[in-house]
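Colleague: I have just opened this one and could use a guided tour. Could you show me how to read its features?

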Amino acid sequence: MPAARKPMRYGHTEGHTDVCFDDAGSCIVTCGSDGDVRIWENLDDDDPKSINVGEKAYSCALKNGRLITAVSNNTVQIHTFPEGAPDGILTRFTMNANHVIFNSNGTKIAAGSSDFMVKVVEVTDSSKQKTFRGHSAPVLSLSFDPRDVYLASASCDGSVRVWKIADQTCTTSWPLLQKCNDVINAKSICRLGWQPGSGKLLAIPVDKVVKLYRRETWDSQSDLSDTFITQALNVVAWSPCGQYLAAGSVDGCIVVWNAETQECMERMKHEKNYSVCGLAWHPKYRQIAYTDTEGNLGLLENIGDGKKPNDKVASTVAKDYNDLFDGEDDDYLNEDMIEPQSSPKAGASEDDGDGDDIVPTSGYPRRAIIDDDDNSLDIGMIKASSSLLEKEDDDDDQTGGVPALPSSIQQPLYDGPMPTPRQKPFQSGSTPVHLMHRFMVWNSVGIIRCYNDEQDNAIDIEFHDTSIHHATHLPNSLNHTMADLSTEAVLLACESTEELASKLHCVHFSSWDANKEWTVDMPKDEDVEAICLGQGWAACATSALLVRVFTVGGVQREIFSLPGPVVSMAGHGEQLMIIYHRGTGFDGDQCLGVQLMELGKKKKQILQGDPLSLTKRSYLVWVGFSAEGTPCYVDSEGIVRMLNRGLGNTWIPVCNMREHCKGKSDHYWVVGIHENPQQLRCIPCKGARFPPTLPRPAVAILSFKLPYCQVTTEKGQMEEQYWRSVVFHNHVDYLSKNGYELDENAKSQSVKEQQELLMKLFALSCKLEREFRCVELADLMTQNVVNLAVKYASRSRRLNLAQRLSEMAVEKASELATGAEDEEEEEDFQKHLNAGYSSSATEWSRLPVRNVRQNQEMEDAEETDACEEAEATPEVHKQRPNPFSKGVTSAEVATPKSAVIASSSQGRVNPFKVSSNKKDPVVPSANVLDTMSKYSKKTSLSSSRAVNKQNPAVIKPLIPKPKTKQALAASFFQVRTPNSSEKTVEEREEKAGNESHEVKVTAQENTENRRPKTGFQMWLEENRANILTDNPDLNEAEVIKEGMSRFRMLSSEERMAWTEKAKAGTANDLTEDKKRKRPTGDEDEAKKNQEQKSEDSSLSKKPKPLDQSTNVRLSAFAFKQS
């Protein structure tokens, strides 16, 4: 009985319509000129699922859950199947693509376009593209060789070409078709087809016959024709077993032949004689789906059933043996159809070199090489099938897996984890090299674009800040593919060609002489693979696993070897970061290593090839430095990681860009990272991984978020903010250690912000009665904030906690006091050591203690008016801020106190010089809150003095900083322990300062009276002489320590007595103060409010008159040990 034809049904609006089956054959997929893809469960499906892919869809292909469509906006898109979610753009043309197809295993697609181009693109990495140029008119159709060696294409220029995919060369070309100028005028769309499995024959519809061409020899083997065909054939399609060939004509005829016997098995005429433009065989059954140019869909069933009774058996046997021998030679199967192929007779007579014993690493058996041409073997065929990476064709799907093989033939297969192909080298901020218009680099300095089309091969350079340099246009005759841009130079590199060596070309536009360009040729067979620029140097990594460093003027510097092939490089200042392949990754993971070096005066390696952490199954997409010089990188899953110098140079994820993407196939393309302010600058790409050059993309700014747990809760949120602030300010210590100058605004702000968060967390833990946690938090606080915490705890009636915290305050203070001694010794060689030690680990880097002492007195005096911080008025305020007002940790709390830098009126100072002019230190550094430009990692106590009388703040050379904890501890003691011997000297200095600054204190008594004294201080003053007689060689810090231990031994009554004395003393002094200070009542009021915000950071500040006794009691309590 002939094939059954089902009535056709309307599928799309009139126009070219394409059809295919899904891998399992469970549904039919069509696309048409209405821009929709429809998924039909069967022909009677009245509600097919519809996916809109564009204005007009020209062609579709489906494999492995990926739907590829060629649409009218000149792109080839990818959608997930069956969900239909857009999954990106695989490639673009300058006109629309007319045909898209998958290769046999679904890893690549080929597309042919009206701009005469053919492209082959890898599905998983669309940057791997090959372009085939040679047709001189629009491309009509394409067909992949099942072995992935060749690609056939038909074009309106009348030719059918066969291309070798590996080297993009045209193997052969036949002038078979009628020439025309466009697809709509073509007599036939000439859909070609390779025979599945062996790829032995290529079928081409030419007028009313199907020509079969022989693989490798490329001669015409035979023609299939039939009298039933009266008009030109439009499309051919092979059955999955490779045995049958169907063809459809422009007047609606469909004919099916047996390719071996060349007999016609089926003839069918379209019910309305419309042109058949799509044919697809069902992967398992004998069905053909077809579409016409009016948008209708039809189905033929049971093809070939009526012909021969044993046909069905034959075809299953044929399929089984196709599987067994990879479908290499259908002739055997038809001559000896029923005879089992395992018998020696079957293949031995012709050829037994079936090469089946080589099992490639990919886990697929190698194809057999069999030729049925009278015992001869064709060399071309052997070569063609020797590629180890060839994949099995789809035969397995048709029979539900490989049939059981005789045990003699079965091979042990490797089915462990598969090695991941290594990612190719790339330049950060560039788009793929195959694009005609592309970004060569987009970074924080500017943008370099490359145009490579028929008219022009040129490079455009544009600077974000035109004061650096004006925009420039360079010819690109050498075909440079890599570029980097800094504020000094443009660096370009090209790969080698047969005639020319690979070159590194530098345009040093900031040079002061007339010669601004230089070029270096690489040695023979060495190609530049990655380049980067730093400050005063350029570097390139080459295919010989070398890194070559040059000065920016072109002098060759160091050369060193890399442990593996480079992936990417980045430079910033003196830092050079190189990412390379450490080895082979498995199961989709890349195995990368990172080297970080400093190429300054002291050359050193910071990271020595440490493994680079990437998300599972991802690869590197961007590597570079933040604007502040911290190394960062981004992987293909959108995770941004940054070097955490505060935790032994580990990598911390600081942002997940996928969280900001709306669609599954949207991505962000990074162009820069800033730590202060915290900004991730990137370009949103809809449905793609990278942006087109036109229209000019807009830059978006994303915020950072560390992946801490429970960030929806108040506690989790504050913890995340605190640690993010810490991580994002590590660069300040690093830069100051390396002698950079910084605007100090950032530092003081960050410390303020961190301490504020700690205090909030502390208050939260207090409320939740988690006192142990409170102590853990206090351990992270600076000295003054611990004092605040002591008060908070005692006000909250948590006396046990307050007791423990005051002990901690004492400990911190004594730690600091001991730290101060070491400094005196280190003072002379501090400069040398400074670079070698991070100030977080060891405290080489504090100011010499002598300065600290000189400044001590001044800080004592300043305490009184620390509250002025928020204002820029010279008056000193009488009252003390309320430590529990809302802005719990404002600048004062936040900025730890350290030694004061000499006054800003001096301009730049030598941070290590012990000043001989005693007046200088008295002029305090600028107010943190006002100008925020100085080195102010100190409490506002020291920074707030006489702010308005100074010159405008100057950016100073950063001096390496003490860590907050210790810095504060020092201040805790300095404030509290006036020693009579030194006081008098310092008082004299103070007087000098006072003439010009009314705010200054004029006499020793006043200085001391200005703040409530603790009982311990008074006791120490009286007993200092005794301590010194017992231990004459003690220095100041040790005297304090000794004094503390003796004070603790007193009975509690005695200590109380001293405390009372202290109180009595303060009360008298208050009246004195009022007379001396100038502010009017209104100002007082205003200041009071200001101060409520700017929190008091040390117990020994001037109290408010109302609050006097409480504060005095608290301050005494802070030091009570009983």
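Predicted model: local features only at pLDDT ≥ 70, side-chain atom pairs only at ≥ 80, totals over all residues.

Colleague: Is Y708 buried, partly exposed or exposed?

Modeller: Y708 has 34% relative accessibility, so it counts as partly exposed. The cut-offs here are under 20% for buried and over 50% for exposed. Y708 also belongs to a nonpolar patch on the surface, together with W723 and L780. The accessible area of these three together is about 240 Å².

Colleague: Okay, on to helices. How do I describe a packed pair?

Modeller: Two packed helices are described by the angle between their axes and the distance between the axes. Take α6 and helix α8 (residues 745–767): they pack at an angle of about 155°, and their axes are 9 Å apart. That makes α6 roughly antiparallel to α8, since angles over 145 degrees count that way. Their crossing is left-handed.

Colleague: And how do helix α19 (residues 1015–1030) and helix α20 (residues 1036–1049) cross, at what angle?

Modeller: At roughly 110°, with the axes coming within 9 Å. α19 and α20 are therefore roughly perpendicular to each other. α19 passes α20 in a right-handed crossing.

Colleague: What about charged side chains?

Modeller: Side chains of opposite charge can pair when their charged atoms come close. How many salt bridges does a search of the whole structure find? The search finds 29. R215 is in the loop between β21 (209–214) and β22 (220–224), and D145 in the loop between β15 (139–144) and β16 (150–155), so the pair ties together parts that are 70 residues apart in sequence.

Colleague: Are R215 and D145 buried or exposed?

Modeller: R215 is buried, with a relative accessible area of 2%, and D145 counts as buried at 0% relative accessibility. Now look at D125 and K128: they form a salt bridge with the closest N and O atoms 3.8 Å apart. K128 counts as partly exposed because its relative accessibility is 24%.

Notes: Residues numbered from 1 in each chain as written. Heavy atoms only, no water. Patch = residues over 30% accessible without salt bridge, like charges linked within 9 Å, V, L, I, M, F, W, Y side chains within 5 Å. Areas by Shrake-Rupley, 256 points an atom, 1.4 Å probe, with all protein chains shown as cover. Salt bridge = Lys/Arg side-chain N within 4 Å of Asp/Glu carboxyl O. Buried < 20%, exposed > 50% of the residue type's maximum accessible area, 1.4 Å probe, protein only. Axes fitted to C-alpha atoms, helices over the stretch in contact; angles between N-to-C directions. Helix = DSSP H or I, 4+ residues; strand = E, 2+ residues; numbered from the N terminus. Parallel < 35°, antiparallel > 145°, perpendicular 65-115°, else oblique. Left-handed = near helix turned anticlockwise from the far one by under 90°.
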